[in-house]
Amino acid sequence: MIKFRSKLEAECYKKLGTEWEYEPERIPYTIQKKYLPDFVKGKFYIEVKGFFRVGDRQKYRSIAEALREDNKELIFLMPRPQAKVAKGNKITYTQWCKKNDIKIFSTKEIKELKEWTRKK
C-alpha cells in the first residue's frame, strides 16, 4: 500500500494508473542566491548573528562550502554560541559549527577572533 502525502496525489495516482511510479527518486537542486557578508578582511568573512532563522543552517552550510572552494572562510560572531540552534533541538551553535567545519566566536571574544585571523 502506497502512503501518499496528500489526497490529491492519491486521486491523481488512481487516474494515472499503476505504470507511473510514485516518488521513486530524490533529485538534488541548487538555488542561486547572493550572500552579503557583514565584515570581510582578506579571506575571512564574518557573519554576525543573534540566532538562526528557519532555513539558515542550510544557507550557511552552502555559503561556507562555496567560500572554501575559493580558499576563503566563513566565521560566525554570536552573543550566545552555546545556545541551541532551534527550540527543542539538542545541538548548540558551537556544535553545529564544529560539525560543519565553520569557526565561531562569541561577541565577547573579538580580541581572540582578531588574533586567530592574524595567525592564519
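Q: Which element gives the largest share of the lining of the second largest pocket?
A: In this predicted model, the largest share, five residues, comes from helix 4. Strand 1 (39-41) and strand 2 (44-48) likewise give two or more residues each to that lining, as does helix 4 (110-119).

Q: What makes Phe39 and Arg118 lining residues of the second largest pocket?
A: A lining residue must have an atom within 4 Å of a point of the pocket, and the residues that line the second largest pocket are Phe39, Val40, Lys41, Phe44, Ile46, Leu77, Ile110, Leu113, Lys114, Thr117 and Arg118. By class, this lining holds seven nonpolar, one polar and three charged residues, and the volume of the pocket is about 190 Å³.

Q: What is known of the volume and the lining of the largest pocket?
A: The largest pocket has a volume of about 680 Å³ and is lined by 16 residues, with Ile31, Lys33, Lys59, Ser62 and Ile63 lying nearest its centre. Its lining divides into six nonpolar, five polar and five charged residues.

Q: Why is glutamate 73 said to have no salt bridge?
A: A salt bridge needs a side-chain nitrogen of Lys or Arg within 4 Å of a carboxyl oxygen, whereas the nearest side chain of opposite charge, lysine 120, is 4.2 Å away from glutamate 73, so no salt bridge is counted.

Q: How do you know that glutamate 73 is in contact with Lys120?
A: Contact requires heavy atoms within 4.5 Å, and Lys120 is listed among the contacts of glutamate 73 beyond four places in sequence, together with Lys43, Phe44, Tyr45, Leu67, Lys103 and Trp116. Glutamate 73, which is found in strand 3 (residues 73-78), is buried.

Notes. Residues numbered from 1 in each chain as written. Predicted model: local features only at pLDDT ≥ 70, side-chain atom pairs only at ≥ 80, totals over all residues. Heavy atoms only, no water. 1 Å grid on protein atoms, 1.4 Å probe; cavity = no way out; pocket = protein on both sides within 12 Å on 5 of 7 lines; lining within 4 Å. Points joined across faces, edges and corners; volume = space filled by probe spheres on them. Nonpolar A, V, L, I, M, F, W, Y, C, P; charged D, E, K, R; others polar. Helix = DSSP H or I, 4+ residues; strand = E, 2+ residues; numbered from the N terminus. Buried < 20%, exposed > 50% of the residue type's maximum accessible area, 1.4 Å probe, protein only. Lys, Arg positive; Asp, Glu negative; His and termini not counted.
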